[in-house]
Amino acid sequence: MGTPANIIVGSHVWVEDPTLAWIDGEVLSIKNNEVHVQTSNGKKVTTDRSKVFPKDMEAPPGGVDDMTRLSYLHEPGVLQNLATRYELNEIYTYTGSILIAVNPFQRLPHLYDTHMMEQYKGADFGELSPHVFAIADVAYREMINEGKNNSILVSGESGAGKTETTKMLMRYLAHLGGRSGVEGRTVEQQVLESNPVLEAFGNAKTVRNNNSSRFGKFVEIQFDKTGRISGAAIRTYLLERSRVCQINTPERNYHCFYFLCAAPHEDTQRYKLADARSFHYLNQSSCIEVEGINDAEEYLATRRAMDIVGINEEEQEAIFRVVAAVLHIGNINFAKGKEVDSSVIQDDNSRFHLNTASELLECDCNNLEKALITREIVTPEEIITRTLDPESALASRDALAKTIYSRLFDWIVEKINVSIGQDPNSKQLIGVLDIYGFESFKINSFEQLCINYTNEKLQQHFNQHVFKMEQEEYTREEINWSYIEFVDNQDVLDLIEKKGGLIALLDEACMFPRSTHETFAQKLYTTFKNNKRFVKPKLSRTDFTVVHYAGDVTYQADHFLDKNKDYVVAEHQDLLNASSCPFVASLFPTLPEESSKSSKFSSIGSRFKLQLQSLMETLSSTEPHYIRCVKPNNLLKPAIFENTNVIQQLRCGGVLEAIRISCAGYPTRKTFYEFVNRFGVLGPELLEGSNDDKIACQKILEKMKLENYQIGKTKVFLRAGQMADLDARRAEVLGKAARIIQRLMRTYIARKQFVLVRRSTTHLQSFVRGTLVRNLYECMRREAAAVKIQKNVRRHKARESYLLLQAATVTLQTGLRAMSARKEFRFRKETKAAVHIQARWRCHRDYSHYKNMQRAVLTYQCAWRQRLARRELRNLKMAARETGALKEAKDKLEKRVEELTWRLGLEKRLRTDLEEAKAQEIAKLQETLHDLQLQVEEAKTMATKEREAARKAIEEAPPVIKETPVLVEDTEKVNSLTAEVDQLKV
Ligand SMILES: Nc1ncnc2c1ncn2[C@@H]1O[C@H](COP(=O)(O)OP(=O)(O)OP(=O)(O)O)[C@@H](O)[C@H]1O
């Protein structure tokens, strides 16, 4: 990969790191071949120039979709790109047309929903982000448009995500080729639902993966002319049979055993099953339950999936009976028999399981027992029955269990194939291969050899394809490519599969009764002594190492012979063939005489070789697409980069080889535009006057005096290291330009600073001067103010003393004037008082004299007037007494008149009618009365007048009252009137 390039001091590079695999840093110095690097974690590292790789400082921060677009195609660059993308949950990356899928170990539903499928449908490859749908879409389009069969090869180590990726591929293909809106058992649904069934019987929890597929799988999906799925076929490879009988903590046996033990009660009762821990085949490992797998639910789900793929109720029943029988067989134990090298059923418990197993398999219990503890040896003369010691009986038991289980698995696969059905008219198919990746453990056995053999085969196919693709790109771009080579692994394949190769020798050893693994190993050592790909480890008698393309693997030959033997023990075959259960009997059909003989010589190795050849033939007739699944060692995301194992996985998946092939040719390809964009700075004058990028590229490359590059139709193709070379020159030009820019910038900055300082100084000076002058002015102003204040204070004081003096003088003057005035005033006041007193005294004296005189006169007048008045009073008193009696009589008369008047009226009314005759008299009387009344009135008026006159007279009259004759006359009249009234009354 990437040749160490033009590294100079200051270059950014990658160097190896014991913990992080690779770390970036900057070159501090270079001495001969030693490079001193300051790493980004603060360390200083000295390393060989050949171990230093340039770092692309212009790589996009989110990484690139396609690793062939990396400017530097080398290990650290590849890892960095994957790690950067993985951080952003971009788990898919292309390397050319190969898709690398890094296991996210978390559900990313948004990546696989229907919306996503719709987006990828018909989209150009590379237009959208890398995705498994894009690969499936390309395969589907190629199939439809070009009528070619396509295949998608998914590989990777256990737990890398192959099965998940395959499921997604199938889902997408079912989406493209499915019938929309059709419910029920459609072909595509059966294809999809075959997964859970196969997983139940072929998957198990392992150290690496909780749902590890213990078989390889090639699913052929057939399409009709319209592109609809019309049939499918599933081919499986190499089911891990040993797992049925032997497991270790923390692994589990196949899922179906645990599902069945957790089944509803009536089912477990029917199969006489108890807790999974009570079965030897399951309790060898302490792991019974797996996080994330609900065995009881999975049992029901498996049954549902079986319904969909067309395994009917009866067949399901039979399948689970056989599964239960395998568990019961595993619990049959043996004790030593009475005879030498013989065995018997150990105890009642074992016998119970023996009986149950025979019941479930519907075969004869005694025959089952016999088949387990004896062997028949057929000689030309006779048939000899040999007993087996307990150890061999156990091996026999396990062999029976493994055979039954593997036949059951094959039956299920076959049944699914029959049920889904093949389309005989289909001309187009897409095959999806989900097969185990390269394996290299501490102990590698026959299974690993088969797996690695498969991977060698696929690698060869892959190399040829990638090589072809590479050449195709060169042809497309019309460039010369004659010198590109790639490493071929044909020699390893020859070692394994050729006539006289490993598999052939193993078969030979199996057929030879006295062979042991040691004789087999010895045979290998001598046969492949000079083979470059075969190594005999020192101090080992049975191990051998094969130099695979992905690395050396040392195999332990110990169980190779056993594991390679494929034939079923005749006793087992006969026993189960005779089963009264048609299902069990069909698992072990009677073999024709010929094949039963030849079956003695068939081996798993050679059968697998044939299967593989057929698979390779199928693949060769298809257009392949590759998906490489990668498993980050640690679940923590950054660990992907700390993990050298990732590189190993990429190497095993052929990704590094693909990159190497690319490097061997023209690893760096840049479109003309990209190239000019990046390297235009190397000759800016060359870009002037022309818009043609291709010519510009050519001119730049010529100017740089590079050799062996190629100019294609749309891209520039550079040899390894040339990109770094150009980058270094670009860095130089950019460096120079940077220095000029720096110089100009510094000048500009310095000048700007100077101008700034000068202006600042002027500003400062003017400010200081201003401040000084302002201070001086302030002093002067203060002095003037002080003088003014002094003047005013003095004036104020002088005025104050003057005013004081003036006030004192005025006060004094006022006092003196007041004193003389008061003296004058007192004198006048005394004089005035003396006059006043004199006047008063004289007045008093004269008034007293006058008063005395006045009093004496009055006393004389009073005495006289008293005498006269007394005389008058006496007269008046007498007159008053007479007037009172008259008045009283008059009042009585008035009352009487009123009464009479009233009675008269009354009499008048009463007697009007009766006394008509007397009317005239009455009228006369009335007239008289009237006259009388007039007279009374007159009398009254007169009385009033007289009273008035009397009052006036009393008032006017002198005190002596005179008796008047008027009163006597009145009294007489009253008396006469009274007499008249009395008369009238009568
Ligand atoms: N694309 C994915 N999205 C989410 N999880 C995934 C994805 N791929 C793999 N996983 C997780 O990784 C686990 C292992 O994946 P898977 O079973 O596909 O590996 P495998 O390569 O088929 O292993 P084995 O060879 O042992 O069968 C899955 O159970 C799942 O949890």
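Student: Which residues are the closest to the ligand, and how many surround it?

Tutor: A residue counts as near a molecule if its C-beta atom, placed from the backbone, lies within 6 Å of it. Here 20 residues surround the ligand, and the closest are Ser158, Gly161, Thr163, Glu164 and Ser212. This is a predicted model, in which local features need pLDDT of at least 70 and side-chain atom pairs count only at pLDDT 80 or more, while totals for chains, interfaces and linings use all residues. Residues are numbered from 1 along each chain as its sequence is written.

Student: Which element gives the most to the shell around the ligand?

Tutor: Helices (H or I, at least four residues) and strands (E, at least two) are DSSP runs, numbered from the N terminus. Helix 4 gives the most, with three residues. Helix 4 (162-177) and strand 10 (212-213) each supply at least two residues of the shell.

Student: In what order do the five strands of the open sheet lie?

Tutor: Strands of a sheet pair through backbone hydrogen bonds, either parallel or antiparallel. Two strands pair if DSSP finds at least two bridges between them. In this sheet the order is 4-3-2-1-5, with antiparallel pairing. Strand 4 (44-48) and strand 5 (53-54) are the edge strands, each pairing on one side only. Strand 3 (residues 34-39) is joined to strand 4 by five bridges, and valine 35 has threonine 47 of strand 4 as its bridge partner.

Student: What is the order of the open sheet of three strands?

Tutor: Its order is 22-24-23, again with antiparallel pairing. The edge strands are strand 22 (668-671) and strand 23 (710-711).
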